[in-house]
Amino acid sequence: MEEENKYKDIKVIRKRYFPNEEIDISGDEILYLDEKLLVTKWLPIKPRDDMSMGISWYFLDKGWKVSKVYNNGEFVHYYCDICRYEIEPNKKYKMIDLLADVIIKEDLTYKVVDMEELVDMLEDKTLPPREYMLAIKTLASLLREINEGRFPFKELDMYK
């Protein structure tokens, strides 16, 4: 019983610039947490035909959220969000989505997506320049890891 309630006081928030929203996703099941990694199991916020559930690894020290996306029990792809984390002393974890994403297929080919939104939001001053620069730097570090053969990360074997 104690193990079951281990994470009950943890709040997880997802903030997005586009669309501009902040959503409490504390209902996602927390599978693991330490100072560098938060792992959750989730269902889509809104029903979708292309995914039925996922497991996400929040790399708190790297600025990546890597999700294994499944549809009807079958692996679809990895979806990597470029983000920034704010961790508050009251056990509140806020993931700020910095727009750029990477979709990685099972054969490890990948596609960078949402770069237009990133640039548009910088141009219209919705996204602060610091966030833009952080997004580019963090995206480059993830792509380097992929291109140098370090993906999938060993942590992604924790849960299937």
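Start by selecting Ile 13 and Lys 94: the bridge partner of Ile 13 in strand 8 is Lys 94. The model you are looking at is predicted.

Next, colour strand 1, residues 11-16, together with strand 8. The two strands run parallel and are joined by 6 bridges.

Follow the chain from strand 7 into strand 8 and you pass through a hairpin with 3 residues between the strands. Stop at Lys 91 in that turn, where phi is positive, about 65°.

Go on to strand 9, residues 110-113. Strand 9 pairs with strand 8 in the antiparallel sense, over 4 bridges. One place to look is Asp 101, whose bridge partner in strand 9 is Val 113.

Is strand 8 enclosed or open? Show the surface and check: 13 of its 13 residues are buried, so strand 8 is largely enclosed by the rest of the structure.

Hide the surface and select Val 66, Ile 82, Val 102, Leu 142, Phe 151 and Phe 153. In the largest nonpolar core, which has 30 residues, these touch the most other members. Elements that give two or more residues to this core include strand 7 (74-88), helix 1 (115-123) and helix 2 (129-147). Strand 8 supplies the largest share, 6 residues. Apart from this core lies another, of 13 residues, including Tyr 7, Ile 10, Ile 30 and Tyr 93.

Return to Val 66. Leaving aside neighbours within four places in sequence, its contacts include Ile 55, Trp 57, Tyr 79, Cys 80 and Leu 156. Phe 59, Phe 151 and Phe 153 are also among them.

Which residues form one aromatic cluster? Select Phe 59, Trp 64, Tyr 70, Phe 75, Tyr 78, Phe 151 and Phe 153. The structure as a whole holds 8 aromatic pairs. In one of them, Phe 59 and Trp 64 sit edge-to-face, 6.0 Å centre to centre with 65° between the planes. Both Phe 59 and Trp 64 are buried. The ring centres of Phe 151 and Phe 153 are 5.1 Å apart and their planes are at 80°, so this pair is edge-to-face. Phe 151 and Phe 153 are buried.

For a last stop, select Lys 15 and Tyr 17. Lys 15 lies over the face of Tyr 17, at 4.7 Å from the ring centre.

How values were computed
Residues are numbered from 1 along each chain as its sequence is written. This is a predicted model: local features need pLDDT of at least 70, side-chain atom pairs count only at pLDDT 80 or more; totals for chains, interfaces and linings use all residues. Side-chain values use heavy atoms; hydrogens and water are left out. A nonpolar core is a set of buried Ala, Val, Leu, Ile, Met, Phe, Trp, Tyr and Cys residues joined through side-chain atoms within 4.5 Å. Buried means under 20% relative accessible area, exposed over 50%, partly exposed in between (1.4 Å probe, protein chains only). Contact means heavy atoms within 4.5 Å. Rings of Phe, Tyr and Trp (its six-membered ring) pair if their centres lie within 6.5 Å; planes under 30 degrees apart count as stacked, over 60 as edge-to-face and the rest as tilted. A charge sits over a ring if NZ of Lys or CZ of Arg is within 6 Å of the ring centre and within 35 degrees of the ring normal. Two strands pair if DSSP finds at least two bridges between them.
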